[in-house]
Amino acid sequence: MLEVAVIEEPAAAEASLDPMRSRLLAALTEPASAAMLAARLGLPRQKVNYHLKELERHGLVELAEERRKGNVTERVYRATASSYVISPSVLAAVSPDPARFPDQLSARWLLALGSRLVQEVGTLLTGAARARRRVATFGIDAQVRFASAADRAAFAEELAQSVAALVSRYHDESAPGGRSHRVVVGLHQIPAVQPGAGTETGAAGTAPNGEKANQEDPR
């Protein structure tokens, strides 16, 4: 079972978003039969069987084993991954394109960068899985609490300069056999859930070359 699988086909995405099928996917992180799932989730077995076949058809679940019980063969299924991500390529015609409106001061542009990141890394993962190879990636995840907006701006500026210096030092346009990599650095406020409401959000982001930070939220 994969840790994360990327859904790139619209039909598979539609199947995964069905409420009952998403419940089945969540339950199938551990192998189970239709009868076991029906009892666990309080659903009719025939309905569970139908949805399992649809999930299997789209590659979201797979047959783990077959058990013989008297004259009956019980099929035991499992999810193909512990979790799933729907690639923006599913909505290719309307997916955000960072090159369309490159605004380093926009949280929406940062979101478009994230969308492209999911799509590109998802494509790499799919191809690597077929070739039985690993994908060379690197990620950093950190949290920082700023005392003021001024501190946040200073941090973003220093980060931008550091990233730009590293890119300048290591980028070699003419390197024989070289491979292009994309660097995306993002800085955003962690959404805080408000009692009885939605979320409070603020965001700040840097461009791939880390030049400037978003100051949409003055706090």
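The axes of α2 (residues 19-27) and α3 (residues 34-41) cross at roughly 110° and come within 11 Å. Here an axis is a line fitted to C-alpha atoms, for helices over the stretch in contact, and the angle between N-to-C directions runs from 0 to 180 degrees. Arg23, Leu24 and Ala27 of α2 make the contact with Leu37, Arg40 and Leu41 of α3; contact means heavy atoms within 4.5 Å. The residues of this contact comprise four nonpolar, no polar and two charged. Nonpolar residues are Ala, Val, Leu, Ile, Met, Phe, Trp, Tyr, Cys and Pro; charged residues are Asp, Glu, Lys and Arg; the others, Gly among them, are polar.

Helix α2 also packs against α4 (residues 45-57): their axes come within 10 Å and cross at roughly 80°. These two helices are therefore roughly perpendicular as well. On the α2 side, Met20, Arg21, Leu24 and Leu25 take part, and they meet Lys47, Val48, Tyr50, His51, Leu52, Glu54 and Leu55 of α4. Seven nonpolar, one polar and three charged residues form the contact of α2 with α4.

## Basis of the model and the chain as a whole

Residues are numbered from 1 along each chain as its sequence is written. In this predicted model local features need pLDDT of at least 70 and side-chain atom pairs count only at pLDDT 80 or more, while totals for chains, interfaces and linings use all residues; side-chain values use heavy atoms, with hydrogens and water left out.

The chain contains six helices and nine strands. Helices (H or I, at least four residues) and strands (E, at least two) are DSSP runs numbered from the N terminus. Of its 219 residues, 29% count as buried, that is, under 20% relative accessible area; exposed means over 50%, and partly exposed lies in between (1.4 Å probe, protein chains only). Among contacts between residues at least 6 apart in sequence, 60% join residues at least 24 apart.

## The second largest pocket

About 690 Å³ of space lies in the second largest pocket. A pocket is an open set of points on a 1 Å grid over the protein atoms alone, with protein on both sides within 12 Å along at least five of seven lines; in a cavity, by contrast, a 1.4 Å probe fits but cannot get out. Grid points are joined across faces, edges and corners, and the volume is the space filled by probe spheres set on the points.

The lining consists of 24 residues, and Leu2, Ala5, Leu125, Thr126 and Ala129 lie nearest the centre of the pocket. A lining residue has an atom within 4 Å of a point. Strand β1 (2-7), helix α1 (10-17) and helix α5 (107-131) each give two or more residues, and α5 supplies the largest share, six residues. By class, the lining has 13 nonpolar, five polar and six charged residues.

## Individual residues

Helix α1 includes Glu14, which is exposed at a relative accessible area of 61%. Glu14 and Val90 are 76 residues apart in sequence, and their C-alpha atoms are 9.7 Å apart in space.

The loop between β5 (81-86) and α5 holds Asp97 and Arg100. Asp97 is partly exposed, with 37% relative accessibility, and Arg100 is partly exposed at 49%. For Arg100 and Ala112, twelve residues apart along the chain, the C-alpha separation is 9.7 Å.

The loop between α5 and α6 (149-170) contains Phe138, and Arg132 is found in the loop between α5 and α6 too. Phe138 is exposed, with a relative accessible area of 73%; its C-alpha atom is separated by 9.7 Å from that of Val183, 45 residues apart along the chain. Arg132 is exposed at 78%. Most residues other than glycine have a negative phi. Arg132, although not a glycine, has a positive phi of about 55°.

Key:
Parallel < 35°, antiparallel > 145°, perpendicular 65-115°, else oblique.
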